[in-house]
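Hi everyone, thanks for having me. Please bring up the sequence and the model on your screens, and we'll walk through them together.

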Amino acid sequence: MDIRPTPEEAKAELTLAYILDQFKDCADFTHRSFPNNGASVVYLSYLVGNDELLREIVKPLSGANDEEAAALLECDPYSATQDATACLNGILDGSAAIFFRGRAWLVGIGRPIGRTIEQSETESVIAGPHDGFVEDLYENLAVLRKRIKSPKLKTVFLSVGEITRTTVALVYLEGIANREFLGKLIGRIEGAEIDGVFESNMFIQLIDDNPNSVFPQYMTTERPDSIASKILGGRIAALVDGSPSVFSCPTSFFDFFSSPDDYYQRWMLGTALRLLRIIGFIVTIGFTAFYVSVTTYHYEMIPHTMLLNLTESRSKVPFPPLIEALLMETTIELLREAGARLPTKIGQTIGIVGGIVIGQAAVQAGFTSNILIIAVATSAIASFVIPSYVMSASLRLIRFGLIIMAGVLGNLGLFMGIGLVVIQLAGITNLGASYLTPIAPVNFRDMLDTFIRGPFWALTKRPSITRTPNKIKNKMKK
Amino acid sequence: MKKLPLLLAAIVLSGCSDQKIIEKVGFTRTISFEKAEDAEDGRIKVSFSLPKTTQKESIFYSTEARSMRQARLIFDRQNDRRIVNGQLRQVLFGASLAQEGIWKHFDSLLRDPSVGNRVHVLIAEGDVAQLLNKKYPQGSTAGEYIDNLIRTETKVMDVPDTNLYTFARDYYDDGIEPVATILKETPNSIIIDGIALFRGDRYVARIPPEDKMYFGLLLGGVRAGDLFLDFPDERYSSELSTLLYFASRRNVKVTRTGPIMDGLGLKVDLRLTLRGSMLEYNGDLHLERPEDQKKLEAEAARYVQGKCESIIATMQEAKADGIGVGQYVRNTMSYREWKKLDWPEAFSRAKIDVHVEISIKDFGKIQ
């Protein structure tokens with residue numbers, strides 16, 4: 001059913017009767033009359049705040065006579081409207097509509113709904129700001145405004161979802177963000193035709209360049225400090241109402257491997273952490289696959305003291321290494337998924353049952369070899385050092401593909417698989433910017449802030465991927 | 001997208017014939033070749049030693065065959081796991097077989113792509129099969145014992161690390177001949193019993209184990225050697241001293257004093273520089289005095305020089321240029337001239353002088 005306003009509806013005359021007709025059968029819709037001056041007020045009762053209602057409507061109108069009411073409505077919080085659709089949308093956004101002498105006014109008396117600002121569950125840091133974005137868009141905007149106190153911080157409001165009419169706010173710095181990217185992004189968002197949007201991680205799939213790729217193409221985060229630094233770097237941030245994740249673009253693959261606390265540590269430590277995450281990336285996609293490949297085809301590559309232990313341990317296992325590895329990887333994914341679904345208190349039990357009982361017993365029962373348990377556990381742990389949950393989930397999926405390739409063709413297959421991943425990565429663009437920046441196109445200055453976290457005196461320019469018109473960000477001399 | 005099933009089929013159906021799942025293969029650690037007792041039609045005795053997964057024991061197969069591959073086929077018929085060569089650590093040649101030439105067998109190892117280049121090439125004296133099949137108090141299997149022994153000994157560079165790569169390189173290269181470490185079985189150990197000098201692929205002479213360090217010096221570049229100087233007679237003022245932790249450098253200078261064809265017009269100066277600490281001393285010198293220190297250095301140099309010259313005499317007698325003097329000689333002449341030169345013959349007649357310079361950094365902590 002098409003629920004967009006038909007041309008007749010769009011042309012409908014704004015009358016109280018029309019509004020009442022539109023909201024009929026809505027039990028939370030309230031119609032209130034003031035007999036002393038003949039004004040009628042309508043609103044959705046659970047969207048508005050009691051205090052606001054009292055202050056803006058009940059108190060001023062209940063004591064006012066005809067003339068006073070007319071004068072009052074010409075003043076500021078009350079905005080006159082003639083458009084029926086605008087009036088409907090206003091009511092849905094938490095405003096009250098006042099009908100008086102055949103004319104209509106809107107007044108915003110909505111109350112914020114949702115939790116207060118608290119720490120993000122998925123992206124926690126040890127040192128650094130502990131606030132996270134929440135579901136309410138305006139709260140999130142306020143958090144950003146508090147961080148970047150500049151009138152150059154511009155916002156664009158767009159609406160997506162034809163039924164849900166979810167607000168999406170684009171935030172950027174004028175003179176620093178690239179207008180071309182901004183235009184492209186607005187075009188994409190306006191082109192999204194869907195009935196509803198609930199989450200930014202869902203929304204970005206509607207507007208990305210490569211919908212069939214396994215990799216997330218917009219960087220999402222729940223951390224305001226991260227988004228603030230992205231905006232300063234020349235990126236455009238987008239907030240989706242109802243979602244605590246904020247996305248920024250253009251994004252490169254390596255953005256998913258940096259975390260704001262890299263910058264809060266000394267640069268050498270930050271560099272070490274970056275390198276650790278790169279190692280984590282390699283381990284998480286390749287370690288189990290390498291085990292499969294080596295035990296199936298390339299016994300020459302195993303140090304001989306380990307080889308004998310491994311053979312001893314493998315000799316009780318009835319399956320070939322490929323099946324063995326797939327079984328264990330599936331088990332650990334089951335554990336992880338179960339842990340994510342369960343309440344925190346039961347989640348710990350799962351950890352004990354999974355980690356100790358299954359791990360120990362599987363080896364003793366001759367179900368798997370103990371080196372495989374190490375490989376599987378290491379790659380599972382390594383997948384969690386990647387700060388972005390969405391990226392780490394993608395990498396875990398790739399791992400299965402590589403295991404199969406390694407089990408079928410050995411190291412040749414493993415490297416063919418890695419080659420395919422690289423081809424895929426090289427083909428992805430985000431708003432037309434290359435996903436593999438700064439490797440392709442190569443930019444050594446950007447690498448200072450990609451694979452390592454260079455000292456601040458070396459980070460003088462904004463990242464090239466943003467194509468910012470204002471390149472210098474740090475004028476300090478060493 | 002239509003090509004995807006095709007691609008998948010190409011990957012998945014491409015066969016798994018090359019699978020060598022580790023618990024289904026037996027890894028050869030040591031291969032030995034020696035002369036068969038009653039050798040008929042060129043048969044030799046080939047033995048394979050495969051460690052068991054318990055690491056304390058090994059499986060030992062021995063047979064008479066014409067080549068390694070033939071022997072492996074025989075062993076494959078008996079072994080419950082497929083025998084593979086990819087974890088080979090050392091190959092042992094019996095001394096008497098080595099005297100007849102080993103290239104035939106060596107070549108089959110070089111051709112096998114699964115055999116690594118760093119497989120130790122060793123010469124064994126006595127009954128090789130028995131040496132390999134024995135239990136030693138050093139713990140693990142003979143194969144691992146030899147592997148570890150060679151690794152630790154070659155670390156200090158006094159025993160050249162002779163592996164497949166260096167052996168084949170020196171065999172093919174002009175102006176140098178291969179060498180190999182000699183092993184010998186004692187009642188409760190395996191001992192390094194000198195260095196075998198080859199001419200071509202034939203074992204022709206042996207450097208005794210006491211002199212292996214001097215051979216290392218001549219070969220050049222000892223990094224952390226350990227030299228024991230047992231001054232023999234009255235001409236020296238000390239009884240014995242040990243130069244510990246020394247490093248050495250070699251410098252070769254070739255001068256031509258006449259026609260080279262018979263090797264007589266060739267003068268080679270080997271300059272050895274040793275620098276290290278002396279930590280053991282028995283003798284009458286007062287080492288706290290600088291002039292006595294100089295005297296000791298000079299005497300030690302004289303002693304080392306004598307030893308080196310006797311090793312060179314051994315090599316010249318055997319016409320085996322194991323230290324690569326020929327490479328320096330080759331550099332002084334055109335290739336055509338070199339091709340005409342019978343180097344082993346010229347080497348045996350060349351005049352090779354050794355100059356040794358020893359500087360002792362410190363004389364131990366009591367000074």
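Helices (H or I, at least four residues) and strands (E, at least two) are themselves DSSP runs, numbered from the N terminus. Some housekeeping, too: this is a predicted model, where local features need pLDDT of at least 70, side-chain atom pairs count only at pLDDT 80 or more, and totals for chains, interfaces and linings use all residues. Residues are numbered from 1 along each chain as its sequence is written, while chains are lettered from A and ligands numbered from 1 in the order in which they are written.

Now, chain B. In secondary structure, chain B has twelve helices and 14 strands. Eight strands make an open sheet with mixed pairing, and their order in chain B is E4-E3-E2-E6-E7-E8-E9-E10. Which strands stand at the edges? They are strand E4 (58-65) and strand E10 (202-207) of chain B; each has a single partner strand, so one side of each is left without a neighbour in the sheet. From one strand to the next, the twist averages 30 degrees; axes here are lines fitted to C-alpha atoms, for helices over the stretch in contact, and angles run from 0 to 180 degrees between N-to-C directions.

For a parallel example, look at strand E2 (residues 30-35) and strand E6 (residues 90-94) of chain B, which pair over four bridges. There, Phe33(B) stands opposite Phe93(B) in E6(B). Helix H2 (residues 68-78) of chain B lies across E2, strand E3 (44-51) and E4 of chain B, and runs at about 130 degrees to E4(B).

Let's zoom out to the domains. Chain B is divided into domain 1 (22-207) and domain 2 (210-367), with bounds that come from an automatic or database domain assignment. Their C-alpha centres lie 31 Å apart. The contact takes 18 residues from domain 1 of chain B and 28 residues from domain 2 of chain B; two residues are in contact if their C-beta atoms, placed from the backbone, lie within 7 Å. On the side of domain 1 of chain B that touches domain 2 of chain B, strand E9 (189-199) and E10 of chain B each supply at least two residues. E9(B) gives the most to that side, with five residues. By class, that side of domain 1 of chain B has twelve nonpolar, two polar and four charged residues. The classes go like this: Ala, Val, Leu, Ile, Met, Phe, Trp, Tyr, Cys and Pro count as nonpolar, Asp, Glu, Lys and Arg as charged, and the others, Gly among them, as polar.

Thr332(B) and Thr255(B) are 77 residues apart in sequence, yet 8.5 Å apart in space, C-alpha to C-alpha.

Over to chain A. Here five strands form an open sheet with antiparallel pairing, in the order E1-E2-E4-E5-E3. Its edge strands are strand E1 (29-34) and strand E3 (79-81) of chain A, each pairing on one side only. Inside this sheet, strand E2 (residues 39-44) and strand E4 (residues 95-100) of chain A pair in the antiparallel sense over three bridges, and Val41(A) has Ile98(A) in E4(A) as its bridge partner.

Next, find helix H3 (residues 50-62) of chain A. In H3(A), the buried residues include Leu53(A) and Ile57(A). The buried residues of H3(A) pack against E1, E2, helix H4 (66-73), E4 and E5 of chain A.

Finally, where do the chains meet? In all, 17 residues of chain A are in contact with 18 residues of chain B. On the chain A side, H12(A) gives the most, with seven residues.

How values were computed:
Pairing = 2+ DSSP bridges. Buried ≥ 20, exposed ≤ 12 C-beta atoms within 10 Å, placed from the backbone.
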